Amino acid sequence: MAEPSRLPIEHCFCHNSDCPDRGKRGHGNVYFRGHSGREKLIRMVYCRTCKASYSERKGTAFERSQLPPEKVVSVLQHIREGCGIRATSRLTGVSRDTISRYIALAGGQAKNLHDELVAFSPSNP
């Protein structure tokens, strides 16, 4: 399975709260610069404006994940399909506490995405 976090640079933005270009997608202020992780598979994003760098996974359910991305996706798919935490734990081999943590991370990410999409939706359908 391909790395789920492989996004084009146009989808990335600066997360630094002090940066004037914070949250601006496709603004041209960020670019990929180096790799991180055990196998150097995680790309690092660098902001030209504030000189900050961060992982492409920042702000996602994959941020600081020790599980392989395929396992995280599997856990979240089981939850999405209605499996409980205990059943998901048995089926995926991931602890219940870890599953709860990923549910909270994915829920926060889903809320942020919803807020962003609602902000750009037209007021009159």
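Reader: How do the residues of the lining of the largest pocket divide into nonpolar, polar and charged?

Author: They divide into 13 nonpolar, nine polar and six charged, where Ala, Val, Leu, Ile, Met, Phe, Trp, Tyr, Cys and Pro count as nonpolar, Asp, Glu, Lys and Arg as charged, and the others, Gly among them, as polar. This is a predicted model, in which local features need pLDDT of at least 70 and side-chain atom pairs count only at pLDDT 80 or more, while totals for chains, interfaces and linings use all residues. Residues are numbered from 1 along each chain as its sequence is written, and side-chain values use heavy atoms, with hydrogens and water left out.

Reader: And which residues lie nearest the centre of the largest pocket?

Author: Arg25, Lys58, Gly59, Thr60 and Gln109 do, out of 28 lining residues; a pocket here is an open set of points on a 1 Å grid over the protein atoms alone, where a 1.4 Å probe fits, with protein on both sides within 12 Å along at least five of seven lines, and lining residues have an atom within 4 Å of a point.

Reader: Which element gives the most to that lining?

Author: H3 does, with six residues; helices are DSSP runs (H or I, at least four residues), as are strands (E, at least two), numbered from the N terminus.

Reader: Switching topic, at what angle do H1 and H3 pack?

Author: Helix H1 (residues 69–80) and helix H3 (residues 96–120) pack at about 80°, with their axes 10 Å apart, the axes being lines fitted to C-alpha atoms over the stretch in contact and angles running from 0 to 180 degrees between N-to-C directions.
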